[in-house]
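Work through the exercises below with the sequence and the structure side by side, and try each task before reading its solution.

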Amino acid sequence: KVEPYLIASTVNIAIGQRLVRRLCMECRKEQVVTELVSARVTSFVGASVIQAGTRVYGVGGCALCYQTGYQGRIGIHEVLTMSPDLRTLVLERAPARVLRSHAISEGMVPLVVDGFEKVKQGITTIEEIFKLSHE
């Protein structure tokens, strides 16, 4: 119940982050994204960020990672920088979805999109990013 003028005048940046498990680099296994998985990613993100046929990595299992396929965690992030246009929208009490879509149009990378970029880099798995929908 904070007044919009207080938010607009004091917030310069907002950062969202989550931790996902990092694949073990010693035993990760290459996989090819199927049409079904690509369609699920598209429905999850709202855009096609991983095409069918893309090579990604999945879990393996070795002595180094204690047969889990993962070693450690890595952060995925989204960073919203408060622009003059966003300040105006906040003052006008725009709904969160409008603020979010405007921030994305100004270059904000959503959390799940950053996660799928890390999937394409071979750092984590698609399943780890899908878990974000349960948080």
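**Exercise 1.** Decide whether glutamate 128 is buried or exposed.

*Solution.* Glutamate 128 has a relative accessible area of 5%, and it is therefore buried, where buried means under 20% relative accessible area, exposed over 50%, and partly exposed in between (1.4 Å probe, protein chains only). This is a predicted model, in which local features need pLDDT of at least 70 and side-chain atom pairs count only at pLDDT 80 or more, while totals for chains, interfaces and linings use all residues. Residues are numbered from 1 along each chain as its sequence is written, and side-chain values use heavy atoms, with hydrogens and water left out.

**Exercise 2.** Find which salt bridge joins glutamate 128 to arginine 21, and state how far apart the closest N and O atoms are.

*Solution.* A salt bridge is a side-chain nitrogen of Lys or Arg within 4 Å of a carboxyl oxygen of Asp or Glu. For glutamate 128 and arginine 21, the closest N and O atoms are 2.8 Å apart. Glutamate 128 lies in helix H6 (residues 126-130) and arginine 21 in strand S1 (residues 13-23), so the pair ties together parts that are 107 residues apart in sequence; helices (H or I, at least four residues) and strands (E, at least two) are DSSP runs, numbered from the N terminus. Arginine 21 itself is partly exposed, at 28%.
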